[in-house]
Structure formats: C-alpha cells, structure tokens
Amino acid sequence: MEKAYNPAEVDKKWIVAWREHEVFKANADSSGPPFTIILPPPNITGSLTVGHALGTTVQDLLCRWKRMRGFNVLWLAGMDHAGIATQKVVERSLLEGGITKDDLGREKFLEECWRWKEKYHDRIVEQLDRLGASLDWSRETFTLDPGVSRAVREVFVRLHRKGLIYRDRYIVNWCPSCGTAISDEEVDFVETHGKLYYVAYPFAEGVGEIVVGTTRPETILGDVAVAVNPGDGRTKALEGKMLALPLVDRQIPIIFDDAVDPAFGTGCLKVTPAHDATDFAIGLKHSLAPVIVIDREGKMNENAGRFAGLDRREARKQILSALEEQGLLRKIEDYDHSIGHHDRCGTAIEPYISRQWFMCMKSLAEPAIEVVEQGGVTFTPERWRNIYLSWMENIRDWCISRQLWWGHRIPVWYCGDCEETVLAVDEPKSCPRCGGAKLRQDDDVLDTWFSSWLWSFSPMGWPEETKDLERFHPTSVLVTGGDIIFFWVARMIMAAIEFRGEIPFSSVYLTGIVRDTKGRKMSKSLGNSPDPIDIIDRSGADAMRFTLMMLSPPGQDIVFEESKVDVGRHFANKIWNAARLVLGQEFDVEKGGVETAGSAAELHRSVFGSAPGGEIEFGWEDYWIISRLGRRSRDLEGFIDTYRFDEASRALYDFLWHEYCDWYLELSKSASRGGGARSRGTTIVARAVLGASMMLLHPIMPFITEEIWSMLAPSGEMLAHSRFPGIPDRYLDDKLEADVEFFKEIVTAIRNLRQSFNIPPGRLVNVVINCENGRGLPERLERFVGQIELLAKVDGLKVAEGAAKPSGSVGAGLANVEIYMMLRGIIDVDAEKRRLGKELEKLGRECEKVDGRLRDRRFIEKAPPDVVEQERNRYNEMSDKKRRIVRILEDLG
C-alpha cells in the first residue's frame with residue numbers, strides 16, 4: 001500500500017472499474033428480493049450543490065447497503081428536461097449572440113435546446129460518478145425520451161376522457177419574465193415591507209366619496225366595482241350607489257359581498273377581477289366583466305389609457321402622482337404583506353386571466369389521502385405526514401399548461417376546417433369529424449411536473465406491462481427534499497394509484513436543508529454554496545460523504561462549512577494507516593491445514609470465503625473485538641433501517657477509530673511480535689475484523705473500502721458485489737465486553753494521571769488498584785494485568801482489596817476501585833506542590849474577575865448573548881480546574 005492515502009487516484013480507479021463491470025446493473029430475472037429507488041431527476045441546466053450531494057449520498061448508502069444484503073437493487077438513473085429553466089438559459093445563451101427564440105422559430109429553437117441537453121448531460125453524469133452514485137446507467141431515462149413522451153400523452157388523453165382535464169379562461173399565476181402561467185406550488189410568498197395607499201372614489205352624482213385602501217394602485221384602472229360587507233353597519237346607505245373610477249372616465253357600482261373584511265383598511269374593497277384571485281371569484285359571483293390593464297410582459301396595456309406602455313412599477317409611481325394631483329390620495333401607511341414570486345426566477349407574479357389547461361385534483365387526491373392515513377405510505381420525519389394530508393385535503397385544480405416551446409407539447413389538435421378539437425396519443429393525420437387535414441397542434445406545453453409525477457413507473461416502460469414494472473414497481477423508498485413534497489411526492493402517489501392501482505413507494509425520507517453558518521439555505525444564487533466537486537478534488541468523495549451523513553439527523557437541517565469535511569478526511573487517513581499496519585503483517589491462508597473452530601476462524605471464513613489453517617491461538621482481546629464488531633453490526637442495521645445515518649456514521653467512527661485502532665491494534669502488537677500460533681491468531685482476527693468493517697462502512701465510504709478490500713480479499717471479488725455475512729449472536733459476549741470496558745477505564749485513568757503530571761511516556765510508574773471488598777474485582781482484573789502494565793507504562797501493578805493509599809501518591813476514583821499512582825521518585829513533589837499552588841492562586845484571581853463581570857447587570861444586558869455564554873462556560877471550567885488542583889494538593893500532602 002502507498003504510505004499516504006490518495007483519494008483522487010483511488011476514486012478514479014473504482015469509478016472506471018464499477019462501470020466496466022456493470023456492477024450496479026439490476027436484473028429483472030433475479031430471484032433476490034427487489035429494492036428500488038428512483039433518482040429525483042436532476043435538471044439538465046444545473047450542476048450539483050451540497051444539497052444534491054446529501055440526497056445522492058443517502059440514496060447510494062441505502063442501495064449499497066441493500067445490495068450487500070442480497071437484494072436485487074435498481075437505482076434508476078434519469079434527468080429532467082426542466083422546461084422553464086432550460087428554455088430560459090438557452091434563450092439567454094442565444095441573446096449573447098444577438099438572437100431571440102422568435103428569430104429562430106420553434107423547431108430551430110428546440111434543436112438548440114437538444115444541443116444544450118447533450119452538452120450538459122455528460123457533466124451531470126460525471127458529477128454523480130464522482131460522488132460514487134451506484135446508479136444503473138443502462139436504464140437511464142430522460143423526461144423527453146419517446147417512451148416517457150408516449151406515457152405523458154396517454155395520461156393526458158385518459159384523464160381528459162374522464163373529465164378530469166379541461167380548458168378554461170381563468171385567473172392564473174403569470175410570470176412576466178418567463179412569459180408563462182405557473183401553478184400555485186411554484187409561487188414563493190415573500191414577506192415585503194410595502195405601503196397601503198388610501199384612495200378616494202367620488203360618488204358618481206358628485207357629492208361625497210368613499211375611501212379604499214390598496215397595495216396596488218396601478219390596478220385601479222382595472223376596477224369594476226367596490227365591495228363592502230353586508231354585515232358592516234357603516235355601509236347600509238351605500239346600496240345602489242355608483243362611483244366615479246379615479247383617473248378613468250368610467251362609473252363602477254358598489255356591491256355587497258361576505259368576502260370583504262370590514263377590519264381591513266376602510267372596510268371597502270376595490271374589485272379588480274383581472275388582477276386578483278379573490279376579486280376574480282367576486283367578479284364571477286356578481287357577473288362583473290373583468291378589465292385587463294396589465295399585459296403578459298408586466299406592462300400597462302391599451303386599457304390603461306395615458307399610462308399604456310409603462311412597466312407596472314413605473315405605472316404605480318405615475319398613477320400615485322396623478323392621484324395626488326387630483327386630490328384623491330388621502331394617506332399612505334407602512335404595510336407588511338406577502339407578495340408571490342416565481343420560485344424559478346424570483347419575478348413578482350402577476351395574477352392574469354388567460355385560457356389554460358387545468359386538471360381536477362380532488363378525486364385523484366382522495367385515495368392518495370387514504371393510503372397515507374392507513375400507513376401504506378410513511379414519512380420520515382413523521383411531521384411531514386400531517387403537512388402532506390393538510391395540503392391534499394385542501395387541494396386545488398392544477399394549471400398544467402405552460403406558454404413555452406421546450407417540453408411535452410399538449411396532445412390536442414384543432415381542425416382548421418370545422419374547428420373540431422382532437423385529442424390523441426399519436427398525431428392524427430386527419431380530422432375524425434370532417435376528414436380535413438388542416439390540423440394545428442396546441443402551442444402550449446405541459447408543466448414539467450406533469451412528466452415527473454409519472455416518474456415511478458414511466459421509465460420502466462408504462463403503459464406497456466414490462467418485466468421491470470412487474471419486478472421493480474412499486475419502488476421501495478423515495479429520498480427527496482421537503483420543498484417538493486407537493487410538486488412531486490404527493491402527485492406521484494396520486495398518479496401511481498390512478499394508473500397502476502398501487503402505491504409508488506412505501507416510504508418517503510425527506511432530507512433537511514443544507515444551510516451556511518448564517519442559517520441561510522445554500523444556493524448558487526446566493527453564492528454561499530461550495531461546489532461539491534471542488535470539495536471532492538481537495539478531500540475525496542468519501543470524506544464529504546461521511547461528513548454529510550454524520551451531520552444528518554433524520555430530516556433536520558444541516559449547518560455546513562467545508563472545514564467540517566476534515567473529520568471525514570482524517571477518518572479516511574486513519575483507516576488507511578490501520579490497513580497498512582494489518583496488511584503489512586505476514587499472512588497465508590494454509591489450505592489443507594488443521595482448521596480451527598471458534599468465532600475468530602468462522603469470522604474469517606464468512607468474510608473472505610476461506611478458513612485459516614495451521615496452529616492458531618486466540619486471546620481475550622480477539623474475542624472482545626469480534627463481540628464489539630457484532631454489536632456494532634446490529635446497531636448499524638437498526639440505524640440505517642430507521643434513517644438515522646448520523647448515528648450509523650458515529651457508530652462506525654467510534655468502532656474503527658477507537659475500539660479497533662486505538663485499543664485492539666495496540667493490544668495485539670505484543671501478541672504479533674511474539675510469533676507462533678498466538679501471532680497468527682491475532683493476524684487472522686485483525687484481517688477478518690478489518691474486512692467485515694470495510695463491508696459495514698462501504699455504503700458510506702465506498703471508494704476507500706473497495707480499495708482496501710481489493711488487497712484483503714483473496715477471492716478478487718469486488719466489495720460492491722459482495723454480500724455481508726452477518727455476525728451470529730454466538731459471537732457476542734456481554735461479560736467480556738463489560739470486563740474490557742472496566743479495563744479500558746483503568747488504563748485511561750492511569751494515562752490521565754500521567755498526563756496531569758507531565759510524566760514522559762518512557763518513564764514507568766508504580767500503581768496500586770484498591771478494589772472494593774467482596775466484589776471479586778482482583779480476580780476479574782487478573783487477565784488484564786499484563787496489558788494494563790503495557791498500555792499504561794506501569795512497573796509492578798498491585799491489585800488488592802482494602803489496599804491503603806501509599807504516601808506520596810495521587811489518586812483517581814472509578815466505580816468500585818481507587819487507583820493510586822506513586823509520584824515519589826518520579827517527580828519533585830515539593831516543586832510540583834509549589835507549581836500547583838501558584839496555578840491555584842492565578843485561577844482564583846481569574847475566577848474573581850469573571851464572576852464580577854457576570855454579576856454586573858450592565859454587562860449582562862449589553863454584551864451579546866454568545867459572549868455572556870462564553871464567560872459563563874469559562875467560569876465553570878476554571879472552577880472545575882480549581883477543584884481538581886485542590887484534590888491533587890490534598891493527595892500530595
């Protein structure tokens with residue numbers, strides 16, 4: 001093995017090897033139980049973020065874990081065409097050359113989009129490979145592939161025939177920047193410090209006025225009424241009155257409607273059906289014709305009179321000036337309210353009336369609610385279940401059409417001869433009504449999520465009944481972010497029940513949000529997200545994967561900074577150095593020799609497929625580490641099955657770093673140096689436990705474990721293909737584990753005493769262990785005496801019941817024992833007492849200063865909370881140190 005671990009070379013080596021050997025290709029004919037995950041298809045416009053790395057690592061961990069337990073794993077690879085996002089970036093790219101999409105026309109523009117897809121597809125594949133994603137690339141699917149497109153058209157036609165898809169002129173969320181309608185779920189509401197403008201509406205007969213409060217004075221030009229609540233006693237005299245609409249030569253009525261909140265503003269609501277969803281509903285109820293004054297680009301149209309052509313923001317300024325000039329602007333107040341923005345581009349949404357395609361969701365939602373209520377689909381964390389149910393119970397119709405060119409074009413054609421509307425899965429050659437050939441397809445495309453909601457089954461060949469569908473659907477678990485639970489998770493459940501008659505997955509694991517140290521969500525737009533590939537280049541994929549898992553309690557947000565990856569990097573180096581030590585020991589599997597029974601030999605056989613022969617002898621430390629391995633293996637299964645990846649990572653870290661490296665390998669050195677059967681036994685155990693540990697760690701850190709395994713395993717089989725044998729219960733020894741824990745506490749206590757007095761590592765000390773009477777502790781410690789002397793650098797350890805504390809010794813107390821370490825002849829006791837006395841005086845002065853600050857009310861009130869907390873912690877630490885020094889001085893006499 002190389003002296004230093006080089007993750008760049010190791011990662012590259014195994015990415016190529018896994019690909020060449022098709023290690024991750026699922027087999028629909030395999031008899032193994034299926035385990036299926038669908039990769040949330042990344043957008044072809046994007047590059048990986050730390051958030052993507054988190055989700056990908058979780059999925060890969062689960063897939064590798066299941067493969068090594070005999071499951072027939074399919075992790076289905078795919079990518080999303082990302083309608084709006086892709087069209088926008090391609091348009092921007094063309095504009096750099098002075099070309100617009102309209103200059104090219106639809107077909108030529110789509111060719112540019114496909115070129116973009118081909119260009120960036122390979123980049124995303126490379127990024128996923130670099131992360132170690134064990135995807136089945138042989139089944140890779142793109143959301144605009146012919147098979148998926150056919151499934152999309154099939155679904156559209158079926159739902160239309162059931163009356164669940166319809167076309168209507170309705171108010172929608174319009175993005176002026178993207179030039180398309182978007183769904184309610186694509187709107188982010190941002191709390192905004194705005195203004196409430198109070199505008200006077202004169203009575204038409206010229207006497208008196210009413211005042212209306214509005215946050216959008218630019219829409220006054222589209223008002224068709226002013227509404228008041230019929231239960232508001234102030235409004236009784238207003239019935240039948242007409243108002244002169246400010247700035248416009250038009251009269252509008254006063255109407256009565258329960259939707260008006262009498263407590264808001266003046267209790268009078270301007271009704272603008274063309275530019276507000278609530279007003280649109282009021283307009284329908286009262287048969288009020290809408291007046292559109294803002295166009296699709298966010299500019300005032302011809303109905304805005306002298307303000308026509310102005311951007312809506314500029315129009316607001318000029319309309320306010322005009323109102324003020326006419327004496328109609330009564331007052332302006334500060335007003336905080338939420339404004340909807342497009343989640344893709346951040347543009348403020350314009351409520352807009354247009355003809356769109358919609359899907360009725362209520363009947364589709366009902367069975368999807370039922371399966372979750374009955375436990376057929378579970379959510380981790382559990383709180384997402386209630387969020388899902390609440391949204392589903394209040395679900396609204398889905399606006400599924402988009403005014404774009406890139407995407408699944410709506411499978412509807414209009415006859416130019418008889419105006420018949422034709423729906424078809426395959427493009428019709430002629431009109432079924434009149435036989436005419438003048439057919440024009442609908443210009444709109446479907447919402448990107450319309451293909452994504454079919455993603456659990458469309459990549460497997462639906463609507464055909466394929467082997468993959470029979471074998472791998474329903475899928476096992478969906479790993480995704482909570483931000484798309486409505487976009488994707490809920491809709492996939494509805495789609496699978498509707499078109500497959502079954503759930504799409506039985507479990508949903510929702511990862512937390514990756515945040516920076518300021519608590520902000522990491523994103524490319526904020527510039528606060530490091531590129532995961534840059535981190536991998538510096539530290540290796542395994543280091544980042546391990547760190548992300550260690551930081552990931554189920555569903556909780558992660559505070560991430562690159563320096564935290566040092567934990568994973570140091571861990572990888574520790575494992576590498578341990579492997580170098582173990583692999584550096586001479587070892588041969590003696591075929592035909594005398595096979596040795598017992599847990600150590602059996603473990604070697606089950607891990608490597610070969611039994612060691614020859615004369616072998618094992619010690620208590622060998623049986624202890626095997627028992628600990630079995631215990632950790634069980635813990636790990638429970639942690640991963642319940643998505644507690646942070647605890648799984650820590651369990652492996654503690655076992656490999658502390659129990660295996662710090663204790664077992666240190667304990668085994670003396671046996672290894674002695675040669676013979678005892679040395680051979682220790683080598684067998686060290687290799688077997690290292691091999692089993694690589695199996696357990698492989699799902700989290702696949703590259704380094706595969707590399708070490710390739711040098712450990714005589715069979716030459718890849719670790720990614722290997723099956724974890726499990727650790728039988730008979731390997732576990734509760735009493736031995738408890739005894740060794742007691743032994744470790746004693747060694748640690750002696751080491752701490754040595755460190756407290758700066759005793760050099762090469763200087764041996766005399767130690768007495770005084771055991772509580774009647775507990776049989778001397779007998780319990782008897783087999784550990786030699787190792788205590790070796791590891792704690794003790795010369796002549798005495799273990800007895802009722803032993804007196806020797807003069808000139810210091811003590812450390814444990815449960816049922818006192819440890820006394822002699823200092824006479826080791827250090828200058830008098831000098832040490834003087835040094836400790838001075839340190840005690842200094843600590844006393846410092847404690848007084850800090851205590852004074854903490855008693856000062858001005859300091860507590862004015863200092864930042866974290867500074868106050870630091871001072872409290874400092875005071876407590878110094879107080880603890882003072883108490884320890886006092887005890888030591890008492891010991892020294």
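This is a predicted model: local features need pLDDT of at least 70, side-chain atom pairs count only at pLDDT 80 or more; totals for chains, interfaces and linings use all residues.

Q: Which residue does Lys 574 pair with in a salt bridge?

A: The general idea comes before the case. Side chains of opposite charge can pair when their charged atoms come close. Here the partner is Asp 662, with N to O at 3.2 Å. Lys 574 sits in helix α16 and Asp 662 in helix α19, so distant parts of the chain, 88 residues apart, are linked. Asp 662 is partly exposed as well, at 26%.

Q: Is the pair of Glu 621 and Arg 678 buried or exposed?

A: Both residues are buried. Their closest N and O atoms lie 3.3 Å apart in a salt bridge. Glu 621 belongs to helix α18 and Arg 678 to helix α20, so the bridge ties together parts 57 residues apart in sequence.

Q: What does the salt bridge of Arg 538 join?

A: Its partner is Glu 562, at 2.7 Å between the closest N and O atoms. Arg 538 lies in helix α14, and Glu 562 in the loop between β24 and α16, so parts 24 residues apart in sequence are tied together. Arg 538 is exposed at 53%; Glu 562 is partly exposed at 27%.

Q: How many salt bridges are there?

A: The count is 66.

Key. Residues are numbered from 1 along each chain as its sequence is written. Side-chain values use heavy atoms; hydrogens and water are left out. A salt bridge is a side-chain nitrogen of Lys or Arg within 4 Å of a carboxyl oxygen of Asp or Glu. Helices (H or I, at least four residues) and strands (E, at least two) are DSSP runs, numbered from the N terminus. Buried means under 20% relative accessible area, exposed over 50%, partly exposed in between (1.4 Å probe, protein chains only).
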